[in-house]
Amino acid sequence: MRNPKVVLNSLTSKVKEKEYTFQRLYRNLYNIEFFLDAYDKIYPNKGSNTKGINEDTIDGMSLKRINNLIEKLRDQTYQPNPARRIYIPKKNGKLRPLGLPTFEDKLVQEVVRRILESIYETSFSENSHAFRPNRSCHTALKQIKNTFTGTRWFIEGDIKGFFDNIDHHTLINILRKRIKDEKFINLIWKFLRAGYVEDWVFHKTYSGTPQGGIISPILSNIYLNELDKYVEEYTSKFNKGDKRKYNLVYHNLASKINHRKYKNKREWS
């Protein structure tokens with residue numbers, strides 16, 4: 001079994017080759033070392049003992065359970081469970097829906113997250129700070145402090161219900177630009193379409209990624225990165241323009257000087 005760090009570093013090293021496409025990613029899900037690393041990552045979190053729709057938690061996890069999970073992934077019979085939906089209060093008094101996956105689903109999602117992060121993280125915008133390693137609101141504020149020189153106008157925007165309204169087909173098409181492994185893509189489809197259970201009633205999911213899912217943040221950043229690239233390209237063209245913009249005050253003064261030069265050309269010297 002290859003060391004997960006070696007595999008992930010190898011993937012990251014290919015990112016800068018724009019025409020390179022990533023293949024045979026799904027086979028990494030047969031590597032038990034990935035799942036042991038995922039277990040170490042999830043274990044310290046308080047949510048590791050939070051139940052999904054069944055009694056499955058980190059308690060009682062064993063190599064046998066992990067191997068059984070790998071076998072399901074190998075023969076593609078693995079099917080994620082629906083998330084258990086709960087609601088938590090927001091600062092504005094409204095409620096935010098959270099989808100809680102089972103622990104085995106968390107393990108698989110963590111392995112998938114690490115693979116996606118190794119492929120996409122270094123290609124994200126330097127102006128992007130949410131849900132990224134070693135980045136937060138504080139790093140965004142620090143960047144503004146170090147680089148902001150003032151502006152006459154800015155645009156403030158908010159995408160209403162963003163996580164719940166991500167278009168699945170658009171997201172998958174974005175992933176397929178760089179990932180040419182339909183087994184891996186199909187696994188992400190399964191997570192997107194797993195649905196959720198609320199008050200013991202199953203609901204299908206036709207759009208969105210569940211808040212509370214481990215892969216949701218990286219999927220949302222992959223989705224929004226397309227917007228980041230568009231805005232940065234548009235801003236560059238908008239700021240540059242086709243020709244240099246002249247200063248109106250300077251232009252008026254220069255016109256007056258030229259007029260007086262012409263009118264008094266004999267005495268100008």
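**Stop 1: the nonpolar surface patch**

Select W153, I155, I159, L227, Y230, V231, Y234 and F238. Together they form a nonpolar patch on the surface, with about 920 Å² of accessible area. A patch takes residues with over 30% relative accessible area and no salt bridge; like charges are joined within 9 Å, and nonpolar side chains (Val, Leu, Ile, Met, Phe, Trp, Tyr) within 5 Å. Areas come from the Shrake-Rupley method with a 1.4 Å probe, and for residues only the protein chains shown count as cover. W153 sits in the loop between helix 5 (137-147) and helix 6 (168-176).

This is a predicted model: local features need pLDDT of at least 70, side-chain atom pairs count only at pLDDT 80 or more, and totals for chains, interfaces and linings use all residues. Residues are numbered from 1 along each chain as its sequence is written, and side-chain values use heavy atoms, with hydrogens and water left out.

**Stop 2: the sheet**

Now colour by secondary structure. Helices (H or I, at least four residues) and strands (E, at least two) are DSSP runs, numbered from the N terminus. Four strands form an open sheet in the order 2-1-3-4, with mixed pairing. Strand 2 (95-100) and strand 4 (201-203) are at the edges, each with a single partner strand, so one side of each has no neighbour in the sheet. From one strand to the next, the twist averages 40°. Two strands count as paired if DSSP finds at least two bridges between them.

Select strand 1 (residues 83-89) and strand 3 (residues 196-198). They run parallel, joined by two bridges. A83 stands opposite Y196, and R84 has V197 as its bridge partner.

Strands 1 and 2 pair in the antiparallel sense over six bridges. Find I86 opposite L98. Their hairpin has five residues between the strands, and there G93 takes a positive phi near 95°.

**Stop 3: helix 4 and helix 8**

Show helix 4 (residues 103-120) and helix 8 (residues 216-240). Their axes come within 9 Å and cross at roughly 30°. Axes are lines fitted to C-alpha atoms, for helices over the stretch in contact; angles run from 0 to 180 degrees between N-to-C directions. Helix 4 and helix 8 are therefore roughly parallel. Angles under 35 degrees count as roughly parallel, over 145 as roughly antiparallel, 65 to 115 as roughly perpendicular and the rest as oblique. The crossing of helix 4 and helix 8 is left-handed.

Stay on helix 4 and pick R113 and E110. They form a salt bridge, with the closest N and O atoms 2.7 Å apart. The rule is a side-chain nitrogen of Lys or Arg within 4 Å of a carboxyl oxygen of Asp or Glu. R113 and E110 lie three residues apart, about one turn of the helix.

Definitions and conventions:
Left-handed = near helix turned anticlockwise from the far one by under 90°.
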